[in-house]
Structures are given as C-alpha cells and as structure tokens.
Amino acid sequence: METEGIRTDRLGLLLDQFDKAREMAEVRLAGLGDEEYLWEPVPGCWSIRRRGEATTPRAFGPGEWVLDLGAPDIPSNEYAEVARQAAGGMSIAKIADDWSVSEERVEEVLAHTGEPEPDQAPITTIAWRLAHLHFHFAGDWEWTFGERRREPKQLVDFTPTAALALERFWPLIDCWRDSVGAVTEEQLDTVGFSQYPYSSAPDEPFISVVWGANLEFIHHMAEIALLRDLWRAR
C-alpha cells in the first residue's frame, strides 16, 4: 500500500526511513578528511588506535588498528533498555551476558538501587562512531543473512584513512538494506531470524531488529554530524 509515494506497510516505512537517513548521512559525510576523522575533542576520547597504543581494556579488531572498548558496564542511559529486555521476558542471565556484566549488576539496575549513576558513555571521535556502526552492521548481516559463524569483532579491518573507511562502509550498508528489503512477512515476525550475538536479536522478532538497526544508524550519524559542526567551529 502507498500514499503519495510513501509506503505505509510496516517494512516499507522502515526501509523508507533508512533510505532517507542514509541519503542525509552520505551528504553530511562528504569531504571528510583524515585529521577531522581522527580529531579528539577532549582528552580521553575513544577512537581507533594502533594495536600497541590502545588505552581501553577491550579494544578489538583483526588488523593493525583496533576500536576502543572499555570495561563492561551498563551506562545509565541504557537502564530503560535493560528494563525493556526484562519486561519482554529475557532472563537475568541472558541480559547479563548481553551486556557482559554480572547478574548482580543487572539486578541492581532493575531495582534502581542507590542514587542514579552518572552516564559513563564516552566522548568519541568520528572514526570511532563510523567504525562502531561498521562492525555492528557487518555482524548483523553475517548473523542474519550470512553463515552465522564469524566473530563480529573480527569482520572489519579498521583504518585511519577516512576515504577508505567510507569506501568500505557504504557497500556494507547497502548490502544490509537490500537483504532486509527482500525478507518476507513471515520472516519479519520470526523470533531469532537474526542470531547476532551482541544484542537481544535472538530473542526478538526480526521487525524489532530492523527497527533497532535504523535507530542505531540514525543516532550515531547524528552524533557524527555534531562532531563535524564542532570541528568547523573549534
């Protein structure tokens, strides 16, 4: 069903939203140079770094350059997501495994014990945001439409070159979009159609996974756009 060129079926709405977000993001990323790509607006930023120079305890990647990742915890801005997972029937053990924390930590979050904790989300570089999206979408594709066996954190060879990062990124995003566009109504409603291990995807109908992927793309691209504005005004 369409209304004045806008699809109104549930998958169509999500695809149109993704297409528009992708179009806006590609325009916003035009002209990105290496210095801006790696710019650290404050000390202690997360970024991509040479393997021997990583400062975070769980930095990862298959090649010379790795993506910063800190000690596991649940940031305060994700408490609502944890509550949603629990309300949706996920076990404490599964939630803990999802976030790489103890079951006790999950129970603390669900009980809202003590004073609210400060948000621990890091300030990042554009390189980190783009690499984060790249590895997540690569993993999403592999564990939904691929062989469902390769470790997501080993799928993307991170690079300090902005043009090369984008050259590798856009084809992967288009591959995800094309694969999602071909799913059936039955597959949209199938719980576990995606088996991506670093999320609640195996416990959700695929339509929820598609919605979440759109949100991930949109909010990280908005953050990248803000970093570009700050770079120009620095």
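This is a predicted model: local features need pLDDT of at least 70, side-chain atom pairs count only at pLDDT 80 or more; totals for chains, interfaces and linings use all residues.
**Notebook: core and rings**

Residues are numbered from 1 along each chain as its sequence is written, and side-chain values use heavy atoms, with hydrogens and water left out.

**Core**

Which residues touch the most other members of the largest nonpolar core? I found F217 and M221, in a core of 50 residues. Such a core is a set of buried Ala, Val, Leu, Ile, Met, Phe, Trp, Tyr and Cys residues joined through side-chain atoms within 4.5 Å. At least two residues each come from α1 (10-28), β4 (65-67), α6 (126-142), α7 (162-181) and α9 (206-233). I took helices (H or I, at least four residues) and strands (E, at least two) as DSSP runs, numbered from the N terminus.

I then listed contacts of F217 (heavy atoms within 4.5 Å). Leaving out residues up to four places away in sequence, F217 touches F18, A21, R22, A25, L133, F137, F169, W170 and I173. I also found a second, separate core of ten residues, with I74, V82, A96 and V106 among them.

**Rings**

I searched the whole structure for aromatic pairs and got 16. Rings of Phe, Tyr and Trp (its six-membered ring) pair if their centres lie within 6.5 Å; planes under 30 degrees apart count as stacked, over 60 as edge-to-face and the rest as tilted.

I looked at F145 with F193: the centres are 6.1 Å apart and the planes at 75°, so this pair is edge-to-face. F145 is in the loop between α6 and α7 and F193 in the loop between α8 (185-188) and α9, so the pair ties together parts 48 residues apart in sequence. F145 counts as partly exposed because its relative accessibility is 23%. F193 counts as buried, at 14%.

F145 also pairs with F206, with centres 6.1 Å apart and planes at 85°, so I logged it as edge-to-face. F206 lies in helix α9, 61 residues from F145.

Ring pairs link F145, F193 and F206 into a cluster that also includes F18, F137, W141, W176 and F217.

How values were computed:
Buried means under 20% relative accessible area, exposed over 50%, partly exposed in between (1.4 Å probe, protein chains only).
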